[in-house]
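Dear colleague,

I am handing over the structure below, and I would be grateful if you could look through it with the notes that follow it.

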Amino acid sequence: MVEVAVLLVIQKIGIAVAGGTLKLAKSLLGNDPELQMALPENMKLVRNELELIHAFLKGIGRKGWGGEVIETWIRQVRRLAYDMEDIVDQFIYVVGKHNQKGLWWEYGKKQIKKPRHLFSLDEIASEVNRINRELKQLSESRDRWVIPLNTGADIPLANFETGQEPYLPGYEYSVNDEELVGIDKNRETLIKSLHSEDCSLRIIAVWGMGGIGKSTLVNNVYHNEGSNFDCCAWVCISQSYKLEDVWRNMLRDLEKSEFDTGTVNCAELIVELKKILDKKKYLIILDDVWTASVLVDNGMGSRVIITTRTEEVASIAEYDCKIKVEPLNNHDAWSLFCRKAFPKIENYNCPPELHQYGMNIVEKCEGLPLAIVAIGSIMSLKKKIIKDWRVFYNQLIWELHNNESLNHVEKILNLSYTLWIAEGFIEQKGVCSLEDIAESYLGELVRRNMLQVVKLNSFDRIQCVRMHDLVRELAIFQSRKECFGITYDDTHGVIQVALDTRRVSVVQCNKGVKPSLYPSRHRTFISFDTSMTISSWYSFILSESKYLTVLDLSGLLIEDIPDSIEKLFNLRYLCLDDTNVKELPKFITKLHSLQTLSLERTQTLNFPRGFYKLKKLRHLLIWKLLDATYRSFHNREPMEPFEGLWNLKELQTLSEVRATKVFVAKLGNLSQLKSLSITHVRSSHCAQLCYSLSKMHHLTKLHRRASNEDELLLLEDLTLQNPLEKLELTGRLTEGTLESPFFSTHGHQLLQLELSWCHLIESPVAWLSELSNLTELRLTAAYTGQQLNFHRQWFQKLKNIVLADLPQVNQICIHEGALVNLESLHIDRLKELQDVPIGIEFLSSVKEALFTRMRSDFVRNLQTRKLNHIPKVYWSTQGK
């Protein structure tokens, strides 16, 4: 991970030396001519040296160099990189500060009264000079100590941590047939794919997270079914970066003669492979694969099985030839653990006194067979006494790192991470926005099975993820080891924190932050403990952590924003959601690096004069909650637009803002907006609002709320440069709005639509069914009629539907063939509903149904409809 820190510094220095920044800095230096000459040159020298170090560090990853000397050298690099990052941030801030108000006036003022937390440019120049010298010493020590220790042949990547033989899960750690648990269905599917009547070459993909049992499953089938093929080979791809090594290893398995694979080039290897496979029915296993393009289709019914951690690689197989291996269920996980932990006990029964600790261990493994088998085997050697089992469980993560019998578990779990970093995934490419790049990172982590998706929104964007418990523990360990960050939890005593730790997440802070926490290096501080006392962080963290870029104190009992935040010149993200903050202080206008400010569900709605100076703001979210039930028309109060809001040209998110005549006219200046929530819109605003919205090239989410229930929202003149993904309209609509040019032009691109308090007389369902890409529909107090009918072939992509506060509706009819992909159905507060031909029996895809605040007779009648196929059904009758 250290190469990430180095790369970040390189990028920041590039910003610092760009354009006339250094030239400007020269004029601000003192009277030392040597410093004036040295600063720009030293900046560039530091960057050049760090670029070489970064390349060297990536080479270490590829070649698998390790050992205590290298680890020590890397720690020194990390420390120096952190020093340089701090200095560059100070440099950019100081020079930028002088440039804002006029160079000489500002500099003169600073000389009279210089803030104590800032370096002078002379001091910055001296520090850069020091770092340049130390970098040269690091390079010399690398040549003396690091490289001479690693002059031998390259070691495979998978052997990154130690010099031991690489772990091959398909062979060395396979288990007997009678010990295989929970794989029957996948094994049956795999065998069926092997023996299908299709004589063409078929690629079968077995995919899932590391340690899930892919190789074990394939190995079992390979040994039992391999005799049905003319020749077989097993090649572990992840052990090599070179394609020719793959072909060479494959030839060695396939060709039992004395063909010399070591003296031929890649092209000759391919020719020989094709010659061998030409007339044979072959079975080849490619373990941890990324390509299979050289294999020939000879029409002999040959099969290639690939195992992979990524869904993207698995997609090279046909749909019916992809097998995703899931974690074991609780029953199978416990059964497998007992077989390994108690092999000599009759029926593998766990002694009653050890049952709870055994269950705790299995729960920590979360259905991961690799961990269950390895840990179970260790436990079989331990005494069957509570004390030993308790001690082992309490230091389980330490055991994974230090117990030689468990080293392979850590290797396999860390391999996805190691590959991710080594490939330079974190480098920005192209002109994508930072938000798009961040989302692509998240998607890549999911595809590599480092994160697991818990919930997608209705149009398949990631909404919630989780990390496997063991992977999370290992990630925390690695973060602590590399000073990337720590989780602070003093539940079990004082937390020891490394001096260079950059990020802190407070999970539990019972006793106040201890002096063992060194805040001067911190870049991120996030509190998840909403009960944390103010005194434990006000005076300590904020006063010392002058380099903070991320500060999240949401949910804490805060009424005032502390003055010490004024000194956080580097702050980019400030979140105070769900606090009791009543006012934004004047000094907030000095946080010129701020990109995100979030005060949702707080007590403040106004801004101090000069807020428009925060030119880097990208996301501004401020509103006050008025009605926690969200049932009233005005359930929340928006921010008041301030003078110059329309000059924040980098804004991408603005929520929620009150419409005024001036703001609506100026809104078109915010051309970078992607998401806008504007409320208290009057009919007189609509024409100008539509014109301003038409100037926005990136808008994808729009929420318009009228000033009251009787005010009309007019959309007739609305045309957009970019199709919307999500539209929320709260307020009265004129009849015919759904037939307007806006919906006929842009409606087919909509993915989410919410209509509230619209008071439509005619049922909107028929018109809305024309919106062919709609995945989520919410109708709340939107319709005053009596019937809602969903006919056959309507809403083929709709996944979620909410029908609420429709007091006159007495019949909802869903016909067979409608809503065929519906996953969630929520019907709320339809008190007059009498007839119940809802057609639940047709909605076979529904996973969750909610019927809340309904008539009890409706619930009784609906219960007779076929609901047993729905995993979750929630009931709440009227009056309960």
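**What was found**

Glu656 has its place in strand S16, which covers residues 653-658. The peptide bond that joins Ser655 and Glu656 is cis, with omega at about -15°. Please keep in mind throughout that this is a predicted model. The chain averages a pLDDT of 79, and 79% of the residues score at least 70. Over residues 152-174, however, pLDDT stays under 50, although the model has 48 contacts beyond four places in sequence for that stretch. Residues 420-426 also have a pLDDT below 50, with 18 contacts in the model beyond near neighbours in sequence. Where pLDDT is low, the predicted coordinates should not be read in detail.

**Strand S3 and its partners**

Strand S3 (residues 282-287) is mostly covered, since six of its six residues are buried. Tyr282, Ile284 and Leu286 point one way from the strand, whereas Leu283, Ile285 and Asp287 point the other way, and all are buried. S3 runs parallel to strand S2 (residues 231-236), to which six bridges join it, and parallel also to strand S4 (residues 303-308), with five bridges between S3 and S4.

In helix H13 (residues 355-365), the buried residues are Tyr357, Gly358, Asn360, Ile361, Val362, Lys364 and Cys365. Is Glu366 buried, exposed or partly exposed? Glu366 counts as partly exposed because its relative accessibility is 23%.

**Two further loop positions**

Asp805 also has a positive phi, of about 55°, although it is not a glycine. Asp805 lies in the loop between strand S23 (800-804) and strand S24 (811-814), and it counts as buried because its relative accessible area is 16%.

Gly668 is found in the loop between helix H21 (661-666) and strand S17 (675-681), and with 11% relative accessibility this glycine is buried. Leaving aside residues up to four places away in sequence, Gly668 touches Ser692 and Lys695. The C-alpha atoms of Gly668 and Tyr691 are separated by 7.7 Å, while the two residues are 23 residues apart along the chain.

With kind regards

Conventions
Residues numbered from 1 in each chain as written. Predicted model: local features only at pLDDT ≥ 70, side-chain atom pairs only at ≥ 80, totals over all residues. Heavy atoms only, no water. Helix = DSSP H or I, 4+ residues; strand = E, 2+ residues; numbered from the N terminus. Buried < 20%, exposed > 50% of the residue type's maximum accessible area, 1.4 Å probe, protein only. Contact = heavy atoms within 4.5 Å. Pairing = 2+ DSSP bridges. pLDDT = per-residue confidence, 0-100.
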